[in-house]
Amino acid sequence: MSAGNSLFPWQEEDWAKLSGNSQQLHHAMLLTGISGIGKRELSCLLAQTIVCSASGNGNDTPCGN
């Protein structure tokens with residue numbers, strides 16, 4: 001996983017599932033859990049990856065554009 005420092009180690013498995021399927025995601029997702037586990041970071045990274053203008057960049061990280 002090359003998502004940089006944006007994710008916690010325990011999110012790597014979830015990130016791999018979500019980012020590998022970003023073209024086939026459901027119309028909505030609900031992220032739940034206790035406070036402080038990184039739900040916001042995971043959701044922001046996923047949103048940035050989905051709306052990236054260079055979505056065919058060949059990796060699983062946002063392009064920054």
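Colleague: Why is Phe-8 called partly exposed?

Modeller: Its relative accessible area is 30%, and with a 1.4 Å probe and protein chains only, buried means under 20%, exposed over 50% and partly exposed in between, so Phe-8 falls in the middle class. This is a predicted model in which local features need pLDDT of at least 70 and side-chain atom pairs pLDDT 80 or more, while totals for chains, interfaces and linings use all residues. Residues are numbered from 1 along each chain as its sequence is written, and side-chain values use heavy atoms, with hydrogens and water left out.

Colleague: What makes Trp-10 exposed?

Modeller: Trp-10 has a relative accessible area of 54%, which is over the 50% limit, so the word applies.

Colleague: Why is the pair of Phe-8 and Trp-10 called stacked?

Modeller: A search of the whole structure finds one aromatic pair. The ring centres of Phe-8 and Trp-10 are 4.7 Å apart and the planes are at 5°; rings of Phe, Tyr and Trp (its six-membered ring) pair if their centres lie within 6.5 Å, and planes under 30 degrees apart count as stacked, over 60 as edge-to-face and the rest as tilted, so this pair is stacked.

Colleague: How do you know that the buried residues of H1 lie on the same side?

Modeller: Trp-15, Leu-18 and Ser-19 are the buried residues of H1. They cover an arc of only 85° around the axis, taken from the directions from the helix axis to the C-beta atoms, which puts them on the same side of H1. On the other side of H1, Glu-13 and Lys-17 are exposed.

Key:
Helices (H or I, at least four residues) and strands (E, at least two) are DSSP runs, numbered from the N terminus.
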